[in-house]
Amino acid sequence: MALTKNELITNIMEEMEFTKKTATETVEQLMEIIKSTLAAGEDVLVSGFGKFCVVQKNKRKGRNPATGDDLILDARTRVNFKCSGRLRDRINGEDGQGLA
């Protein structure tokens, strides 16, 4: 199950002993900083967590999976996430705290 923004706010309230208003403002401000940085075409690096990268995708050939018809997919910008080695190790249980 995914961690929701509301659960993140609740966790910050409990861990940092913030009021709900302060925790909400903190999370909202953090999200706004990340969104505006990515919208400006810049990457966001969070040490020990990972890097959000803005990637340009070129126009390309594709196929409609329902009909099998060929089509051209427009060029677009997307965000890619690459986790840090420390996060990858933790997820894989290589530091004794992971999911495995």
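A residue counts as partly exposed when its relative accessible area lies between the limit for buried, under 20%, and the limit for exposed, over 50%. In the predicted model described here, E28 has a relative accessibility of 36% and therefore belongs to the partly exposed class. The side chain of E28 takes part in a salt bridge with K5, in which the closest N and O atoms are 3.0 Å apart. Because E28 is located in helix α2 (residues 20-39) and K5 in helix α1 (residues 5-16), this pair ties together parts that are 23 residues apart in sequence. K5 is likewise partly exposed, its relative accessible area being 41%.

The contact between E28 and K5 belongs to a set of 3 salt bridges found by a search of the whole structure. Side chains of opposite charge can pair when their charged atoms come close. A further salt bridge joins the side chains of D43 and K51, with an N to O distance of 3.7 Å. D43 is partly exposed at 35% relative accessibility, and K51 is partly exposed with a relative accessible area of 34%. D70 and R63 also form a salt bridge, their closest N and O atoms being separated by 3.2 Å. In this case D70 is exposed, with a relative accessible area of 53%, and R63 is exposed at 58% relative accessibility.

The search of the whole structure returned 2 aromatic pairs. The ring centres of F49 and F81 lie 5.3 Å apart and the ring planes meet at 50°, so this pair is classed as tilted. F49 is placed in the loop between β1 (44-46) and β2 (50-57), whereas F81 is part of strand β5 (residues 76-83); the pair therefore ties together parts that are 32 residues apart in sequence. F49 is partly exposed, with a relative accessible area of 38%, and F81 is partly exposed, with a value of 33%.

F81 also pairs with F52 in a tilted arrangement, with 4.8 Å from centre to centre and 45° between the planes. This pair links distant parts of the chain, since F52 belongs to strand β2 and F81 to strand β5, 29 residues apart.

Conventions. Residues numbered from 1 in each chain as written. Predicted model: local features only at pLDDT ≥ 70, side-chain atom pairs only at ≥ 80, totals over all residues. Heavy atoms only, no water. Phe/Tyr/Trp six-rings, centres within 6.5 Å; stacked < 30°, edge-to-face > 60°. Helix = DSSP H or I, 4+ residues; strand = E, 2+ residues; numbered from the N terminus. Buried < 20%, exposed > 50% of the residue type's maximum accessible area, 1.4 Å probe, protein only. Salt bridge = Lys/Arg side-chain N within 4 Å of Asp/Glu carboxyl O.
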